[in-house]
Amino acid sequence: MIAFSKHSVPKKIKNIFNEILKTGWFTHGKYTEYFENEFKKFTGAKYCTVVSSCTAGLHLSILALGLKKNSEVLVPAMSHTATSHAAEYANLKVKFLDVDHKSGNIQYNEIVKNTSKNTKAIMVVHLNGNACEIKKIKKFCEEKKIFLIEDCAHALGTKHQNKHVGNYGISGCFSFYPTKQITTGEGGVVITNNKNFYHQIKKLKAFGIDKDIKDRKLPGKYDVKKLGFNYRMTELHAAMGLLQLQKYNNFLKKRKQIAKRYIKNLSEVVHINFNSYDKDSSYFIFPILTKLRNSLLKHLIKKKIGVSIHYATTLPFMTYYKKKYNLDKRKYKNSILYANGNISLPVYPKLSLKDVDKICLEIKKFFKK
Ligand SMILES: Cc1ncc(COP(=O)(O)O)c(C=O)c1O
(Lines give C-alpha, C1' and ligand atoms only; values in the text may rest on other atoms or scores of the structure.)
Protein backbone atom coordinates (compact mmCIF):
# COMPACT_ATOMS: atom_id res chain seq x y z
CA MET A 1 0.00 0.00 0.00
CA ILE A 2 1.30 3.47 -0.87
CA ALA A 3 -0.25 5.91 1.60
CA PHE A 4 -1.74 9.22 0.44
CA SER A 5 0.03 11.03 3.26
CA LYS A 6 2.49 10.23 6.04
CA HIS A 7 3.63 12.57 8.77
CA SER A 8 7.28 13.32 9.59
CA VAL A 9 7.07 14.19 13.28
CA PRO A 10 10.60 13.63 14.71
CA LYS A 11 10.87 10.94 17.43
CA LYS A 12 12.24 13.57 19.84
CA ILE A 13 8.61 14.64 20.34
CA LYS A 14 8.21 11.88 22.95
CA ASN A 15 10.80 13.56 25.21
CA ILE A 16 9.04 16.89 24.87
CA PHE A 17 5.63 15.32 25.60
CA ASN A 18 7.15 13.78 28.73
CA GLU A 19 8.59 17.13 29.76
CA ILE A 20 5.19 18.82 29.29
CA LEU A 21 3.48 16.05 31.26
CA LYS A 22 5.95 16.60 34.09
CA THR A 23 5.67 20.39 34.20
CA GLY A 24 1.91 20.49 33.58
CA TRP A 25 2.31 23.49 31.21
CA PHE A 26 -0.18 22.27 28.63
CA THR A 27 -0.99 25.73 27.37
CA HIS A 28 0.46 29.28 27.56
CA GLY A 29 3.99 27.85 27.61
CA LYS A 30 7.36 28.13 25.90
CA TYR A 31 6.69 25.78 22.96
CA THR A 32 3.94 28.02 21.62
CA GLU A 33 6.37 30.92 21.74
CA TYR A 34 9.22 28.91 20.12
CA PHE A 35 6.90 27.72 17.35
CA GLU A 36 5.61 31.22 16.66
CA ASN A 37 9.16 32.61 16.54
CA GLU A 38 10.30 29.87 14.19
CA PHE A 39 7.23 30.44 11.98
CA LYS A 40 7.98 34.16 11.75
CA LYS A 41 11.56 33.36 10.73
CA PHE A 42 10.44 30.83 8.14
CA THR A 43 7.83 33.03 6.48
CA GLY A 44 9.47 36.41 7.09
CA ALA A 45 6.29 37.76 8.70
CA LYS A 46 6.55 40.34 11.48
CA TYR A 47 3.79 38.84 13.63
CA CYS A 48 2.35 35.41 14.08
CA THR A 49 -0.06 33.68 16.42
CA VAL A 50 -0.96 30.00 16.56
CA VAL A 51 -4.62 28.94 16.60
CA SER A 52 -6.61 25.71 16.92
CA SER A 53 -7.09 25.34 13.12
CA CYS A 54 -6.76 27.24 9.87
CA THR A 55 -10.55 27.61 9.88
CA ALA A 56 -10.30 29.38 13.25
CA GLY A 57 -7.57 31.63 11.81
CA LEU A 58 -9.72 32.51 8.78
CA HIS A 59 -12.73 33.17 11.01
CA LEU A 60 -10.76 35.49 13.29
CA SER A 61 -9.10 37.23 10.34
CA ILE A 62 -12.40 38.08 8.69
CA LEU A 63 -13.92 39.17 12.03
CA ALA A 64 -10.97 41.42 12.77
CA LEU A 65 -11.73 43.40 9.59
CA GLY A 66 -14.85 44.70 11.34
CA LEU A 67 -17.00 44.60 8.19
CA LYS A 68 -20.71 45.42 8.27
CA LYS A 69 -23.25 42.59 8.03
CA ASN A 70 -23.81 41.43 4.41
CA SER A 71 -20.64 43.08 3.10
CA GLU A 72 -19.48 41.24 -0.02
CA VAL A 73 -16.44 38.95 0.05
CA LEU A 74 -14.97 37.37 -3.09
CA VAL A 75 -13.99 33.70 -2.69
CA PRO A 76 -12.76 31.18 -5.30
CA ALA A 77 -15.32 28.50 -6.24
CA MET A 78 -12.59 25.85 -5.93
CA SER A 79 -11.46 25.50 -2.32
CA HIS A 80 -12.13 23.73 0.94
CA THR A 81 -15.42 24.79 2.41
CA ALA A 82 -13.53 26.39 5.33
CA THR A 83 -12.68 29.39 3.12
CA SER A 84 -16.24 30.48 2.40
CA HIS A 85 -17.54 29.25 5.79
CA ALA A 86 -15.29 31.80 7.52
CA ALA A 87 -17.10 34.62 5.70
CA GLU A 88 -20.49 33.05 6.43
CA TYR A 89 -19.69 32.79 10.19
CA ALA A 90 -19.19 36.55 10.15
CA ASN A 91 -22.57 37.16 8.44
CA LEU A 92 -20.95 38.37 5.23
CA LYS A 93 -22.15 37.73 1.69
CA VAL A 94 -19.97 35.39 -0.36
CA LYS A 95 -19.51 35.99 -4.08
CA PHE A 96 -17.89 32.95 -5.69
CA LEU A 97 -15.46 33.38 -8.59
CA ASP A 98 -14.66 30.91 -11.34
CA VAL A 99 -11.05 29.66 -11.26
CA ASP A 100 -8.28 28.92 -13.74
CA HIS A 101 -9.11 25.68 -15.57
CA LYS A 102 -5.59 24.24 -15.23
CA SER A 103 -4.35 25.31 -11.77
CA GLY A 104 -7.74 25.68 -10.05
CA ASN A 105 -6.52 29.01 -8.65
CA ILE A 106 -8.46 32.26 -8.34
CA GLN A 107 -7.83 34.53 -11.35
CA TYR A 108 -6.89 38.20 -11.34
CA ASN A 109 -9.16 38.97 -14.31
CA GLU A 110 -12.18 37.43 -12.58
CA ILE A 111 -11.46 39.53 -9.49
CA VAL A 112 -11.37 42.72 -11.55
CA LYS A 113 -14.54 41.74 -13.43
CA ASN A 114 -16.51 40.92 -10.29
CA THR A 115 -15.43 43.72 -7.96
CA SER A 116 -18.10 46.30 -7.24
CA LYS A 117 -18.58 49.06 -4.68
CA ASN A 118 -20.03 46.39 -2.37
CA THR A 119 -16.84 44.31 -2.40
CA LYS A 120 -15.05 44.77 0.91
CA ALA A 121 -12.71 41.79 1.07
CA ILE A 122 -11.13 39.09 -1.08
CA MET A 123 -10.08 35.69 0.21
CA VAL A 124 -7.57 34.00 -2.07
CA VAL A 125 -6.35 30.40 -1.86
CA HIS A 126 -2.95 29.18 -3.06
CA LEU A 127 -4.43 25.91 -4.24
CA ASN A 128 -2.28 22.79 -3.92
CA GLY A 129 0.69 24.92 -2.85
CA ASN A 130 0.79 26.92 -6.12
CA ALA A 131 0.72 30.67 -5.55
CA CYS A 132 -2.10 32.58 -7.26
CA GLU A 133 -1.42 35.94 -8.96
CA ILE A 134 -1.03 37.45 -5.52
CA LYS A 135 1.20 40.44 -6.26
CA LYS A 136 -1.20 41.79 -8.89
CA ILE A 137 -4.17 41.03 -6.64
CA LYS A 138 -2.56 42.87 -3.71
CA LYS A 139 -1.95 45.95 -5.89
CA PHE A 140 -5.57 45.88 -7.05
CA CYS A 141 -6.83 45.56 -3.45
CA GLU A 142 -4.71 48.52 -2.38
CA GLU A 143 -6.06 50.67 -5.22
CA LYS A 144 -9.67 49.73 -4.42
CA LYS A 145 -9.20 49.77 -0.63
CA ILE A 146 -10.33 46.17 -0.31
CA PHE A 147 -9.02 43.85 2.41
CA LEU A 148 -7.04 40.82 1.27
CA ILE A 149 -6.89 37.57 3.24
CA GLU A 150 -4.72 34.67 2.07
CA ASP A 151 -5.84 31.13 2.76
CA CYS A 152 -2.43 29.42 2.85
CA ALA A 153 -3.73 26.07 4.12
CA HIS A 154 -1.90 24.31 1.25
CA ALA A 155 1.02 26.66 1.03
CA LEU A 156 3.69 26.27 3.70
CA GLY A 157 6.92 26.94 1.82
CA THR A 158 5.24 28.54 -1.22
CA LYS A 159 6.81 31.72 -2.52
CA HIS A 160 5.72 34.31 -5.02
CA GLN A 161 8.43 36.60 -6.40
CA ASN A 162 10.76 35.75 -3.52
CA LYS A 163 8.26 36.49 -0.80
CA HIS A 164 6.55 33.77 1.24
CA VAL A 165 2.80 33.74 0.60
CA GLY A 166 0.69 34.99 3.50
CA ASN A 167 2.72 38.23 3.56
CA TYR A 168 0.74 39.90 0.77
CA GLY A 169 -2.63 40.18 2.50
CA ILE A 170 -3.50 41.61 5.89
CA SER A 171 -3.40 38.03 7.06
CA GLY A 172 -2.16 34.62 5.93
CA CYS A 173 -3.71 31.52 7.53
CA PHE A 174 -1.97 28.11 7.49
CA SER A 175 -3.30 24.65 8.37
CA PHE A 176 -1.59 21.82 10.26
CA TYR A 177 -4.22 19.17 9.52
CA PRO A 178 -2.60 15.69 9.17
CA THR A 179 -2.34 15.69 5.35
CA LYS A 180 -0.65 19.11 5.28
CA GLN A 181 3.09 19.79 4.82
CA ILE A 182 3.56 19.78 8.60
CA THR A 183 0.98 18.61 11.11
CA THR A 184 -0.05 19.19 14.69
CA GLY A 185 -3.07 16.87 14.39
CA GLU A 186 -5.39 19.85 14.26
CA GLY A 187 -3.95 23.34 14.29
CA GLY A 188 -3.17 26.48 12.38
CA VAL A 189 -1.44 29.83 12.46
CA VAL A 190 -2.15 33.40 11.40
CA ILE A 191 0.67 35.59 10.12
CA THR A 192 0.44 39.33 9.54
CA ASN A 193 2.64 42.39 9.16
CA ASN A 194 0.09 44.67 10.84
CA LYS A 195 0.66 45.17 14.58
CA ASN A 196 -2.85 46.30 15.38
CA PHE A 197 -4.40 43.40 13.46
CA TYR A 198 -2.10 40.96 15.30
CA HIS A 199 -3.20 42.23 18.71
CA GLN A 200 -6.84 41.93 17.69
CA ILE A 201 -6.37 38.31 16.56
CA LYS A 202 -4.54 37.48 19.79
CA LYS A 203 -7.42 38.79 21.87
CA LEU A 204 -10.14 37.25 19.72
CA LYS A 205 -8.53 33.80 19.91
CA ALA A 206 -8.67 33.90 23.73
CA PHE A 207 -12.25 34.95 24.61
CA GLY A 208 -11.59 38.65 23.89
CA ILE A 209 -9.59 38.91 27.14
CA ASP A 210 -7.63 42.15 27.21
CA LYS A 211 -4.49 40.92 29.01
CA ASP A 212 -2.14 37.99 28.41
CA ILE A 213 -1.54 35.82 31.50
CA LYS A 214 1.96 37.32 31.86
CA ASP A 215 0.64 40.90 31.81
CA ARG A 216 -1.97 40.54 34.57
CA LYS A 217 -1.29 42.42 37.81
CA LEU A 218 -3.37 39.94 39.80
CA PRO A 219 -4.05 36.34 38.67
CA GLY A 220 -7.51 36.20 37.12
CA LYS A 221 -7.77 40.00 36.87
CA TYR A 222 -8.75 40.92 33.32
CA ASP A 223 -11.52 42.50 31.29
CA VAL A 224 -13.32 41.57 28.08
CA LYS A 225 -14.30 44.33 25.67
CA LYS A 226 -15.14 42.19 22.64
CA LEU A 227 -16.75 38.80 22.11
CA GLY A 228 -13.92 36.31 21.50
CA PHE A 229 -13.50 32.55 21.18
CA ASN A 230 -11.30 29.83 22.56
CA TYR A 231 -9.18 29.10 19.49
CA ARG A 232 -5.84 28.59 21.26
CA MET A 233 -3.30 25.87 20.46
CA THR A 234 -1.88 23.59 23.18
CA GLU A 235 1.82 23.20 24.00
CA LEU A 236 1.77 19.58 22.79
CA HIS A 237 0.56 20.68 19.38
CA ALA A 238 2.99 23.59 19.21
CA ALA A 239 5.94 21.30 20.05
CA MET A 240 4.95 18.94 17.21
CA GLY A 241 4.80 21.84 14.76
CA LEU A 242 8.10 23.27 15.95
CA LEU A 243 10.08 20.04 15.46
CA GLN A 244 8.79 19.60 11.90
CA LEU A 245 9.30 23.24 10.96
CA GLN A 246 12.95 23.02 12.04
CA LYS A 247 13.40 20.31 9.37
CA TYR A 248 11.09 21.80 6.80
CA ASN A 249 13.72 23.05 4.33
CA ASN A 250 14.82 19.45 3.83
CA PHE A 251 11.22 18.26 3.60
CA LEU A 252 10.56 20.90 0.95
CA LYS A 253 13.55 19.76 -1.15
CA LYS A 254 12.15 16.23 -1.12
CA ARG A 255 8.67 17.45 -2.11
CA LYS A 256 10.16 19.26 -5.11
CA GLN A 257 12.18 16.19 -6.15
CA ILE A 258 8.98 14.13 -6.10
CA ALA A 259 7.12 16.71 -8.22
CA LYS A 260 9.97 16.71 -10.77
CA ARG A 261 9.80 12.93 -10.95
CA TYR A 262 6.03 12.96 -11.60
CA ILE A 263 6.56 15.52 -14.37
CA LYS A 264 9.38 13.50 -15.97
CA ASN A 265 7.44 10.23 -15.80
CA LEU A 266 4.05 11.56 -16.88
CA SER A 267 5.05 14.02 -19.60
CA GLU A 268 4.51 11.43 -22.35
CA VAL A 269 0.97 10.52 -21.17
CA VAL A 270 -1.28 12.44 -23.55
CA HIS A 271 -4.52 11.84 -21.62
CA ILE A 272 -3.54 13.86 -18.57
CA ASN A 273 -2.79 17.49 -17.95
CA PHE A 274 -0.72 19.16 -15.23
CA ASN A 275 1.17 22.37 -14.57
CA SER A 276 4.84 22.63 -15.52
CA TYR A 277 7.44 22.57 -12.75
CA ASP A 278 7.38 25.56 -10.40
CA LYS A 279 10.38 25.95 -8.10
CA ASP A 280 8.33 28.21 -5.82
CA SER A 281 5.50 25.72 -5.24
CA SER A 282 5.49 23.75 -2.00
CA TYR A 283 3.68 20.84 -3.70
CA PHE A 284 1.04 20.08 -1.07
CA ILE A 285 -0.01 17.36 -3.51
CA PHE A 286 0.68 16.71 -7.21
CA PRO A 287 -2.57 17.42 -9.10
CA ILE A 288 -3.33 15.88 -12.47
CA LEU A 289 -6.40 16.44 -14.63
CA THR A 290 -8.06 13.84 -16.83
CA LYS A 291 -11.43 13.28 -18.49
CA LEU A 292 -11.34 9.71 -17.17
CA ARG A 293 -10.98 10.84 -13.56
CA ASN A 294 -13.32 8.41 -11.80
CA SER A 295 -12.13 5.29 -13.59
CA LEU A 296 -8.44 6.21 -13.16
CA LEU A 297 -9.08 6.95 -9.49
CA LYS A 298 -10.73 3.54 -9.01
CA HIS A 299 -7.84 1.83 -10.83
CA LEU A 300 -5.26 3.47 -8.53
CA ILE A 301 -7.26 2.60 -5.42
CA LYS A 302 -7.48 -1.02 -6.64
CA LYS A 303 -3.71 -1.01 -6.98
CA LYS A 304 -3.47 0.15 -3.35
CA ILE A 305 -2.26 3.64 -4.18
CA GLY A 306 -3.47 6.40 -1.87
CA VAL A 307 -5.05 9.21 -3.90
CA SER A 308 -7.53 11.98 -3.24
CA ILE A 309 -9.48 14.81 -4.91
CA HIS A 310 -9.10 18.53 -4.10
CA TYR A 311 -12.00 19.23 -4.56
CA ALA A 312 -14.77 17.08 -6.05
CA THR A 313 -17.60 19.61 -5.63
CA THR A 314 -17.25 23.34 -6.26
CA LEU A 315 -18.25 25.50 -3.29
CA PRO A 316 -21.26 27.25 -4.91
CA PHE A 317 -22.84 23.84 -5.53
CA MET A 318 -22.47 22.36 -2.07
CA THR A 319 -26.05 22.08 -0.79
CA TYR A 320 -25.72 24.85 1.83
CA TYR A 321 -24.43 27.38 -0.70
CA LYS A 322 -26.68 26.14 -3.52
CA LYS A 323 -29.75 26.73 -1.36
CA LYS A 324 -28.54 30.07 -0.09
CA TYR A 325 -27.23 31.69 -3.30
CA ASN A 326 -28.94 29.71 -6.11
CA LEU A 327 -26.12 30.31 -8.61
CA ASP A 328 -25.95 29.52 -12.31
CA LYS A 329 -23.61 26.63 -13.23
CA ARG A 330 -22.74 28.32 -16.53
CA LYS A 331 -20.76 30.93 -14.61
CA TYR A 332 -18.49 28.26 -13.12
CA LYS A 333 -17.48 26.24 -16.17
CA ASN A 334 -13.75 26.10 -15.33
CA SER A 335 -14.33 25.24 -11.69
CA ILE A 336 -16.74 22.44 -12.57
CA LEU A 337 -14.34 21.08 -15.20
CA TYR A 338 -11.55 21.14 -12.60
CA ALA A 339 -13.74 19.49 -9.94
CA ASN A 340 -14.69 16.67 -12.34
CA GLY A 341 -11.18 16.11 -13.63
CA ASN A 342 -8.68 16.43 -10.79
CA ILE A 343 -6.82 13.72 -8.93
CA SER A 344 -4.35 14.44 -6.12
CA LEU A 345 -1.27 12.23 -6.25
CA PRO A 346 0.69 11.85 -3.02
CA VAL A 347 3.68 14.05 -2.13
CA TYR A 348 5.46 13.73 1.23
CA PRO A 349 9.10 13.40 2.32
CA LYS A 350 8.80 9.71 3.20
CA LEU A 351 7.45 8.81 -0.26
CA SER A 352 10.29 7.13 -2.17
CA LEU A 353 11.03 7.92 -5.82
CA LYS A 354 10.58 4.18 -6.43
CA ASP A 355 6.99 4.50 -5.22
CA VAL A 356 6.48 7.58 -7.41
CA ASP A 357 7.67 5.48 -10.38
CA LYS A 358 5.21 2.74 -9.40
CA ILE A 359 2.31 5.23 -9.27
CA CYS A 360 3.26 6.62 -12.68
CA LEU A 361 3.57 3.13 -14.16
CA GLU A 362 0.03 2.30 -13.02
CA ILE A 363 -1.25 5.52 -14.61
CA LYS A 364 0.48 4.62 -17.89
CA LYS A 365 -0.89 1.06 -17.77
CA PHE A 366 -4.41 2.41 -17.24
CA PHE A 367 -4.25 4.55 -20.38
CA LYS A 368 -2.71 1.75 -22.47
CA LYS A 369 -5.62 -0.61 -21.73
C1 LIG B 1 -7.82 25.49 1.31
C2 LIG B 1 -8.16 25.15 2.74
N3 LIG B 1 -8.51 26.13 3.58
C4 LIG B 1 -8.81 25.90 4.87
C5 LIG B 1 -8.77 24.63 5.39
C6 LIG B 1 -9.12 24.39 6.81
O7 LIG B 1 -8.01 23.96 7.55
P8 LIG B 1 -8.18 23.34 8.99
O9 LIG B 1 -8.56 21.92 8.80
O10 LIG B 1 -6.81 23.50 9.62
O11 LIG B 1 -9.22 24.13 9.69
C12 LIG B 1 -8.41 23.57 4.58
C13 LIG B 1 -8.37 22.21 5.13
O14 LIG B 1 -7.90 21.26 4.66
C15 LIG B 1 -8.08 23.83 3.22
O16 LIG B 1 -7.73 22.83 2.40
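**Salt bridges and the ligand shell**

Tutor: Lys-138 and Glu-142 both sit in helix H6 (residues 134-144), four residues apart, about one turn of the helix; helices here are DSSP runs of H or I, at least four residues, numbered from the N terminus. This is a predicted model, where local features need pLDDT of at least 70, side-chain atom pairs count only at pLDDT 80 or more, and totals for chains, interfaces and linings use all residues. Residues are numbered from 1 along each chain as its sequence is written, and side-chain values use heavy atoms, leaving out hydrogens and water.

Student: What do Lys-138 and Glu-142 form?

Tutor: Side chains of opposite charge can pair when their charged atoms come close. Lys-138 and Glu-142 form a salt bridge, with the closest N and O atoms 3.2 Å apart (a side-chain nitrogen of Lys or Arg within 4 Å of a carboxyl oxygen of Asp or Glu). The structure holds 18 salt bridges.

Student: Is Lys-113 buried or exposed?

Tutor: Lys-113 is exposed, at 61% relative accessibility, while its salt-bridge partner Glu-110 is buried at 15%. Buried means under 20% relative accessible area, exposed over 50%, partly exposed in between (1.4 Å probe, protein chains only).

Student: And how many residues surround the ligand?

Tutor: There are 15, counting a residue if one of its heavy atoms lies within 4 Å. Among the closest is Thr-55, with a polar side-chain atom 2.4 Å from a ligand oxygen. For Lys-180, a side-chain N or O atom is 2.5 Å from an oxygen atom of the ligand.

Conventions: A polar contact is a pair of N or O atoms within 3.5 Å; within protein, one must be able to donate a hydrogen and the other to accept it, and residues adjacent in sequence count only if both atoms are side-chain atoms. Helices (H or I, at least four residues) and strands (E, at least two) are DSSP runs, numbered from the N terminus.
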